[in-house]
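Please examine the sequence and the structure shown below.

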Amino acid sequence: MGTSSTLLKNNYWILRHGKSIPNQKGLIVSSLENGTLAEYQLADDGVAQAQLAGELLLKDLKDANIPLKNVRICYSPFARTAHTAKVVASVLNLPFEGSQCKVIEDLRERYFGPSYELSSHDKYPEIWELDEKDPFERPEGGESAADVVSRLVKAMEEMETMFEGCAILIVSHGDPLQMLQTIINAAKEKDVSSSINFLSSLEAVKVQSVISKHRKFALETGELRAVI
């Protein structure tokens, strides 16, 4: 369940999108151009996962006495994350096209580069091995782990600027959510006294010893987790 925090202005939950058609087909779909295509939205199983995640979030909110008017859903522009966010919004009875749901481009999938795009999921371990060795090294034409961390910090700054006293659900992807949890966990260990200092700490922990270990925060498709 989400807990009150003095570190940030809002409380945050994360949700990895439900099982998608690319997951079902065993394909890497990581470019914004491909990822926003409707053909790569949720599979039927993924819709059910998103429905369940919405019900679990609703229970968390009720347990924490958080009114639905204080809920915000911030999501990646990819078809699979937008579809997931829409299902959750429906469970919470929030208008998906309304002000409580917002697409944030910096929450998008990590771009793994042209040599991986639309190739087999079996190639993911090659990238994660590279991350462990040097999270600042980019797959050819793609984003390094450090690149993704930088834009996730920007996304957090954007949400903290836009909202205050809200319960925010972040709907994103496997690698970005692993990295977000990694830097939040590391920043929590620092002695900070304000949201500004905490956001600065998120960038400060972008070091090899921290972000090279992001895989330990892996999420299953459709998995909901309270983070701060």
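**A helix and its buried face**

In this predicted model, the buried residues of helix H3 are Gly46, Ala50, Ala53, Gly54, Leu57, Leu58, Asp60 and Leu61. Viewed down the axis of H3, these buried residues fall within an arc of 160°, so they line one face of the helix.

What covers the buried residues of H3? The covering elements include strand E1 (11–16), strand E2 (71–75), helix H4 (79–91), strand E4 (167–172) and strand E5 (224–226). On the other side of H3, by contrast, Asp44 and Lys62 are exposed.

The length of H3 can also be checked. The helix has 20 residues, 44–63, and at 1.5 Å a residue it should span 28 Å; its end C-alpha atoms lie 29 Å apart, which agrees. Just after H3, asparagine 65 adopts a positive phi of about 55°.

**A buried leucine**

Attention now turns to leucine 180, which is located in helix H7 (residues 174–188). Is leucine 180 buried or exposed? Its relative accessible area is 2%, and because buried means under 20%, leucine 180 counts as buried.

Which residues are in contact with leucine 180, leaving aside its neighbours within four places in sequence? They are Ile14, Leu152, Met156 and Ile170.

Note on methods:
Residues are numbered from 1 along each chain as its sequence is written. This is a predicted model: local features need pLDDT of at least 70, side-chain atom pairs count only at pLDDT 80 or more; totals for chains, interfaces and linings use all residues. Side-chain values use heavy atoms; hydrogens and water are left out. Helices (H or I, at least four residues) and strands (E, at least two) are DSSP runs, numbered from the N terminus. The expected span of a helix is 1.5 Å times one less than its number of residues. Buried means under 20% relative accessible area, exposed over 50%, partly exposed in between (1.4 Å probe, protein chains only). The arc is that of the directions from the helix axis to the C-beta atoms. Contact means heavy atoms within 4.5 Å.
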